[in-house]
Amino acid sequence: MMNLGYACINTTLANKIPKITTNRGMIKKTFLDKGLEYAGYLSYLNVSDLLLVLRWNVENNIRFFRVSSDIFPWATHYEIKMLPQYIKIKEKLDEIGSYVKCNNIRLTFHPGPFNVLTSPKDSVVENTIKDLEMHGAICDMLGLSQTPFNKINIHCNGVYGDKKSAMDRFCSNFNLLSNSVKSRLTIENDDKSSMYSVKDLMYIHEKIGVPIVFDLHHHKFCDGGLSEKEALNLAISTWPKSIRPVIHYSESKAEHENDTSIKYQAHSDYINKLPIVYGYELDVMVEAKAKEKAILPFIN
């Protein structure tokens, strides 16, 4: 059995007038010019539309969703409580939290690739911690569990010429995070052979207990000498028994479009089939460009 989810944008609702979206943002100059008042205005619109997206999901039997990291524009530059609209925003987040609990919805996050806990640069690590703590704060404001059920998922990203030293830095920097983030953090295998396979990530798991999110598409390009089934077994073994593991699934855009000029790692718009999960009960985050439209045929 598997539950299917999609990431960040509902294209059906985004094409409505007025547009329903959770990632309204602005360039830095606008943020500097208009400040917290405008950031709060956009944030409230994003949060309000998140509830509309979740309601649409439930109506369509989708109960697994990745929340956009852009829901609070330029959020690492302020504390959410500083926004002039904070009380209204918090009330809406409380409403969403209640809706999520009543409808058995799983919400997760996937902060961007600039989050690098393996970095030897203090400034990069400091910015990473700031961004991860912002995600933890949003989870807490929504009343989400401090477990990987509501995961905050990242890649290790940098190797810096010495994978073991980089992973040791990851583990050391992990200890600088709050429990809000540590309790939710997961790590994912990469799609380049020089980067981190599931086998590599086991080193981190064994040191600090962070669960591994297995990306089936990435595994094709960085398998660590393991078969798909072996890597899946290993990743699933890192999850607490009480929490359904998450895997990521996508298909190659190059193969879908029969175009060798496209990178094979690039995600297709839709998927042609569901992944083989070898009898496991999993939540499957489908990373396809068509978002909800890619999974609806497999749900309905």
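This is a predicted model: local features need pLDDT of at least 70, side-chain atom pairs count only at pLDDT 80 or more; totals for chains, interfaces and linings use all residues.
Residues are numbered from 1 along each chain as its sequence is written, and side-chain values use heavy atoms, with hydrogens and water left out.

The chain has 300 residues and a radius of gyration of 19 Å, which agrees with the value near 19 Å for a compact globule of that length, where the radius is taken over C-alpha atoms and the globule rule is 2.2 Å times the number of residues to the power 0.38. Along its principal axes, the C-alpha trace spans about 55 × 45 × 40 Å.

Aromatic pairs number 4 in this model, a pair being rings of Phe, Tyr and Trp (its six-membered ring) with centres within 6.5 Å, stacked if the planes are under 30 degrees apart, edge-to-face if over 60 and tilted for the rest. Two of the stacked pairs are set out here.

| Pair | Centre distance | Plane angle |
|---|---|---|
| Phe31 and Trp74 | 5.9 Å | 10° |
| Tyr38 and Tyr41 | 6.0 Å | 25° |

Phe31 lies in helix H2 (residues 28-59), whereas Trp74, 43 residues apart from it, sits in the loop between strand E2 (64-66) and helix H3 (86-102); helices (H or I, at least four residues) and strands (E, at least two) are DSSP runs, numbered from the N terminus. Together with Tyr78, Phe31 and Trp74 form one aromatic cluster.
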